[in-house]
Amino acid sequence: SIISCYRLTQLNFPGRQLPSVAAFQRFIQTIPYPAKVLGRQGEKAFKDKCEPYSEFDYHSICTNEVWCADNYVFNLWAKDEKGRVFKPWLVGWMDKRSRYIVGYLLIGHDPNANSILDAFSRAVYACGMPEAVLLDNGADFNVWDLFNKKFEYSLANEMGISVINATPYNARAKLIERFFNTLEY
């Protein structure tokens, strides 16, 4: 609060004449909102709330042109037929234009390259081949032989699929994150 800031300033500058609390309040009102967010909530909150962004025009792409993928762990416990208790994971592929889930896989272990490939093959079987994929930066997506742009014989390069990696630690970078939130709640 303003009063506590005033008292801390008094403790740091003993014996000095300070302006009134009202002067502190007037000064705080001149601090821009982005500076307050950065100072109080940190850099991530600043990026999420204050940095400029551009909206994507979904009419600029065709259906089945760009797919986005990610993994999601459900916040619940399940039991399999052997009695093993686990948190289920969903590996999903979503068409960016239509927001249709083109392929998915529900698994009882941490996702890996095999589960991503399985979900991708289900999506390709159901909907055909995308022109590009928008991927998470996780190690399971960046394995050498699947969606690695740098490896000449990776699955993506062999199939002529363009690979786009999303901005790290930015949930808005991939549309499928919103679907996971809706699914959870």
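**Entry 1: terms and ground rules**

I start with a definition: helices (H or I, at least four residues) and strands (E, at least two) are DSSP runs, numbered from the N terminus. I note that this is a predicted model, where local features need pLDDT of at least 70, side-chain atom pairs count only at pLDDT 80 or more, and totals for chains, interfaces and linings use all residues. Residues are numbered from 1 along each chain as its sequence is written, and side-chain values use heavy atoms, with hydrogens and water left out.

**Entry 2: the largest pocket**

I looked up the pocket rule next. On a 1 Å grid over the protein atoms alone, a pocket is an open set of points where a 1.4 Å probe fits, with protein on both sides within 12 Å along at least five of seven lines. Lining residues have an atom within 4 Å of a point. Grid points are joined across faces, edges and corners, and a volume is the space filled by probe spheres set on the points.

I read a volume of about 800 Å³ for the largest pocket. The lining has 24 residues, and Tyr-53, Ser-54, Asn-170, Arg-172 and Ala-173 are the closest to the pocket centre. Which helix gives the largest share of this lining? I found helix H4 (residues 43-49), with 5 residues.

I then sorted the lining by type. The lining holds 10 nonpolar, 3 polar and 11 charged residues. Here Ala, Val, Leu, Ile, Met, Phe, Trp, Tyr, Cys and Pro count as nonpolar, Asp, Glu, Lys and Arg as charged, and the others, Gly among them, as polar.

**Entry 3: the whole chain**

I counted elements: the chain has 7 helices and 7 strands. From the N terminus on, they run α-α-α-α-β-β-β-β-β-α-β-α-β-α.

I checked the overall dimensions. The C-alpha trace spans about 75 × 45 × 30 Å along its principal axes. The radius of gyration of the chain is 24 Å, while a compact globule of 185 residues would have one near 16 Å. This radius is taken over C-alpha atoms, and the globule rule is 2.2 Å times the number of residues to the power 0.38.

The chain exposes about 12,400 Å², and carbon and sulfur atoms supply 55% of that. Accessible areas come from the Shrake-Rupley method with a 1.4 Å probe; for residues, only the protein chains shown count as cover. Buried residues make up 32% of the 185 residues. Buried means under 20% relative accessible area, exposed over 50%, partly exposed in between (1.4 Å probe, protein chains only).

Contacts came last here (heavy atoms within 4.5 Å). Among contacts between residues at least 6 apart in sequence, 53% join residues at least 24 apart.

I found Leu-38 in helix H3 (residues 33-41). Leu-38 counts as partly exposed because its relative accessibility is 43%. Leaving out residues up to four places away in sequence, Leu-38 touches Glu-43 and Phe-46. Its C-alpha atom is 8.9 Å from that of Cys-50, 12 residues apart along the chain.

I found Glu-158 in helix H6 (residues 155-159). Is Glu-158 buried or exposed? Glu-158 is exposed, because its relative accessible area is 52%. Not counting residues up to four places away in sequence, Glu-158 touches Glu-152 and Tyr-153. The C-alpha atoms of Glu-158 and Leu-146 are separated by 9.7 Å.

**Entry 4: positive phi**

Most residues other than glycine have a negative phi. I noted Asn-64, with a positive phi near 70°. Asn-64 lies in the loop between H4 and strand E1 (66-73). At 18% relative accessibility, Asn-64 counts as buried.

I noted Arg-99 as well, with a positive phi near 65°. Arg-99 sits in the loop between strand E4 (89-95) and strand E5 (101-107). Arg-99 is partly exposed, at 42% relative accessible area.

**Entry 5: Val-85**

I found Val-85 in strand E3 (residues 85-86). Val-85 touches Trp-77, Ala-78 and Lys-79, not counting residues up to four places away in sequence. Val-85 and Gly-108 are 23 residues apart in sequence, and 8.9 Å apart in space, C-alpha to C-alpha.
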